[in-house]
Every structure is written in C-alpha cells, then in structure tokens.
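Please open your viewer, keep the selection tool at hand, and follow along one stop at a time.

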Amino acid sequence: MSVKSIAVLTSGGDSQGMNAAVRAVVRSGLFHGLKVFGVQRGYYGLIHNDIRPMDLRSVGDIIQRGGTVLQTARCKEMMTPEGQQLAAENLRKLGIDGLVVIGGDGSYQGANKLSQLGIKTMGLPGTIDNDIPFTDFTIGFDTAVSIVVDAVNKLRDTMTSHERSSVVEVMGRHCGDIALYAGLASGAETIIVPEVPFEIEQVARRMKEGFEAGKRHSIIIVAEGVGKGEDIAKGISDRTGLDARVTVLGHIQRGGTPTHNDRILASRLGDFAVRKLIEGDSGKACGVIRNELVATDIATVVATKKPFNMDLYDLALRLSQ
Ligand code: ADP
Ligand code: F6P
C-alpha cells in the first residue's frame with residue numbers, strides 16, 4: 001500500500017550531503033503529491049514530537065551547505081520499546097505513514113524497529129565513515145576524503161622543507177576507508193587501518209628506507225580506530241630518531257560544503273527512497289552499487305560488515321615506494 005505522507009530525519013554523526021538528501025526527499029515527495037514533514041534532531045525530535053510540515057522553500061539554498069538543517073542527535077530513548085512505540089505513535093497522530101532516515105548503521109536499527117511497528121521506512125547511508133555495506137559509498141565520504149587530501153597536500157610542503165615525517169590521524173570510528181582512499185589519493189607512504197594488522201617496527205623501517213632512498217618527507221595516515229597518531233609518532237621516533245609531527249584532523253572532516261559527488265549521490269538516493277516508499281516498500285537501506293540504485297533489507301545491512309578493499313590498499317603501498 002502506497003504512502004500518502006512522509007517524514008525525513010537525520011541521525012547519528014552528521015555528514016556533508018545530508019542537506020542535499022533532505023532536499024531531494026522533500027522535493028521528490030512534493031513532486032509526487034505527498035505531504036512531507038521534517039523531524040528536528042533525529043529520533044529525539046521524533047519521540048518529543050518536534051515535527052513540522054515542509055514545503056519547496058523549506059529546503060531552498062541548502063544543497064551546498066554542510067551539516068544538517070534538521071540537526072541530529074544521539075537518543076537513548078529510541079533504544080527502548082517504549083521510545084520506539086512513542087515515535088511510531090507520534091508519526092501516526094500526524095497521519096505520517098512513511099519515514100526516511102538519513103544516518104549510519106545505528107540509525108538504520110531504529111528505522112528497522114519502526115518498520116516492524118508498521119511505519120514504512122527507508123534508510124539512506126549518511127556518514128563520512130563509508131562503513132555501510134550494500135552501497136559503494138556513503139553520503140559524506142567523498143567530501144571527508146577530499147578534506148584529508150587537501151590537508152596532506154599542505155603538510156607535504158612543510159614536511160619537505162624540513163625533511164620530516166607527518167603522522168595524520170583521520171576519522172573512521174571502526175573503518176579505515178577514509179585513511180585508505182585519502183592515503184592512495186595523497187600518495188601517503190604508509191596507511192594504518194583497523195582492517196590490516198601492522199608492526200610499528202615495519203612502519204619505522206619503511207620510513208627510514210624511504211629517506212635513505214632520497215625521499216624528502218614521509219606521510220603516515222592512521223585511522224582513529226587503530227589508535228592515536230601521537231603513539232605512532234613516538235613509536236617511529238623511538239626507533240629511528242627521526243622527527244615526526246602529528247596532525248589530528250578531527251571534526252574538520254565533518255564540515256564544509258559537500259563535493260559534487262556527494263550532492264549527486266544524496267540527490268539520487270533521496271529521490272529513490274521516496275519512489276520506493278510510494279511503491280509500498282519498507283525496511284530497506286538504499287545505496288548505489290556500480291552506479292545502480294539498490295535497496296537492501298536493513299536487517300541484512302546491519303548484520304553485514306563492509307568488506308575492506310585490499311586491492312586498493314596494496315595499490316597504495318605499491319605506488320608510494
Ligand atoms: P549512526 O547512525 O551514525 O551509526 P549511532 O550509532 O549513534 O549513529 O545511532 C544514532 C541513533 O540511532 C542513536 O542515538 C539511537 O537513537 C538510534 N539507534 C542506534 N542503535 C539503535 C538500536 N539498536 N535500536 C533502536 N535505535 C537505535
Ligand atoms: O561516525 C562518524 C564519526 O565522524 C566517526 O568517524 C567519529 O569517530 C565519530 O563520528 C565522532 O563522533 P562525535 O561527533 O559524536 O564525536
């Protein structure tokens with residue numbers, strides 16, 4: 001049975017492109033004659049009834065903005081059956097029968113619970129981590145990688161002047177994709193990720209050999225899920241006596257205007273989610289795989305670990321000799 005009225009919310013860690021996705025959901029829903037609502041501050045707003053009608057102008061001039069105009073929140077109440085019931089009730093009271101959730105795997109779990117309570121739900125992969133399977137990329141990942149690459153470009157200049165090593169700590173909670181893609185794109189000599197075991201001795205040796213072979217700097221990118229950049233730098237200096245400076249990029253990776261790739265990904269996925277709801281589908285996570293739009297059971301998505309791209313990892317190391 002098709003939906004007549006939908007809501008959209010953003011949840012969990014925010015990411016660049018969430019606004020483009022919200023815009024696509026609202027404008028695609030209105031285009032198809034649906035009523036559309038926006039939920040402020042994720043599941044917290046859903047449970048506390050912070051829900052307002054949206055029109056075409058509600059999402060004007062936001063495609064280029066980072067963050068999320070609907071804001072986001074982490075909400076413990078949504079982890080409880082009472083909170084989930086209240087969320088579903090608040091939607092039903094407003095006649096809302098469909099919900100688009102833009103967030104990561106935790107947010108997907110909430111969407112799945114609402115789907116089991118009869119609300120038709122669609123999940124969109126909104127996180128910079130790229131740790132969601134059944135989509136090649138998540139909304140915000142491309143922008144986060146471009147921020148890291150830009151930072152490493154700057155670091156290369158000053159490291160070369162002083163013939164130093166630079167340890168760059170990047171985000172990624174439990175997933176090394178930001179480190180991997182930014183490492184390959186910036187020509188980093190070493191990429192340290194949770195998915196690949198590493199020995200600090202090996203890192204130090206590779207760095208020393210690089211300088212002996214005539215390199216004038218060394219870039220080491222470490223995903224936060226492995227550990228602190230400070231500890232890696234100390235391990236290197238203790239073993240080589242060579243200078244290593246540390247840069248922790250932190251939340252700068254989560255701000256700024258989304259790249260065109262993230263805006264296009266978000267726009268395609270937001271429109272797709274609305275069309276799936278209109279078809280009567282529910283409990284699905286939307287994604288793009290080899291440029292094809294796909295919808296996968298949320299239960300399957302949250303039970304699956306995103307595969308790590310070892311080919312890309314090996315390529316990065318081969319090319320940074
Ligand atoms: P992300 O969606 O980026 O993984 P979180 O893991 O913080 O971010 O989850 C965001 C929100 O989703 C949580 O604050 C909570 O409200 C909701 N949530 C997370 N896990 C569950 C769950 N198992 N059941 C219901 N809601 C959940
Ligand atoms: O999940 C996205 C993410 O940016 C992770 O990469 C990071 O570890 C985490 O969120 C930081 O969470 P918070 O913004 O709550 O500090």
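**Stop 1: ligand 2**

Select G172 and ligand 2 together: a backbone N or O atom of G172 lies 3.2 Å from an oxygen atom of the ligand. That is a polar contact, meaning a pair of N or O atoms within 3.5 Å; within protein, one must be able to donate a hydrogen and the other to accept it, and residues adjacent in sequence count only if both atoms are side-chain atoms. Before you go further, note that this is a predicted model, where local features need pLDDT of at least 70 and side-chain atom pairs count only at pLDDT 80 or more, while totals for chains, interfaces and linings use all residues. Residues are numbered from 1 along each chain as its sequence is written, chains are lettered from A and ligands numbered from 1 in the order in which they are written, and side-chain values use heavy atoms, leaving out hydrogens and water.

On its own, ligand 2 has 400 Å² of accessible area, and the protein covers 77% of it. (Accessible areas come from the Shrake-Rupley method with a 1.4 Å probe; for residues, only the protein chains shown count as cover.) To see the surroundings of ligand 2, select residues including T127, D129, M171, R173 and H251; a residue qualifies if one of its heavy atoms lies within 4 Å of the ligand.

**Stop 2: ligand 1**

Keep R74 selected and move to ligand 1. Here a polar side-chain atom of R74 lies 2.9 Å from an oxygen atom of ligand 1. A backbone N or O atom of C75 lies 2.6 Å from an oxygen atom of ligand 1, and a polar side-chain atom of K113 lies 3.1 Å from a nitrogen atom of that ligand. Taken alone, ligand 1 exposes 550 Å², and the protein buries 86% of that. How many residues surround ligand 1? There are 17, and the closest are R74, C75, G104, G106 and S107.

**Stop 3: helix α6**

Select residues 177–186 to show helix α6, where 7 of the 10 residues are buried. Buried means under 20% relative accessible area, exposed over 50%, and partly exposed in between, with a 1.4 Å probe and protein chains only. Helices (H or I, at least four residues) and strands (E, at least two) are DSSP runs, numbered from the N terminus.

Colour the buried residues of α6: D177, I178, A179, L180, A182, G183 and S186. Their cover includes α5 (141–162), β8 (218–223) and α11 (310–319). Just after the helix, G187 takes a positive phi of about 70°.

**Stop 4: a ring cluster**

Show F137, F141 and Y181, a cluster linked by ring pairs. Rings of Phe, Tyr and Trp (its six-membered ring) pair if their centres lie within 6.5 Å; planes under 30 degrees apart count as stacked, over 60 as edge-to-face and the rest as tilted. The model has 4 aromatic pairs by this rule. One of them is F137 with Y181, edge-to-face, at 5.8 Å centre to centre and 85° between the planes. These partners are 44 residues apart, with F137 in the loop between β5 (120–125) and α5, and Y181 in α6.

**Last stop: the whole chain**

Zoom out to the protein chain, with its 11 helices and 11 strands. Of its 321 residues, 54% count as buried.

Conventions
Contact means heavy atoms within 4.5 Å.
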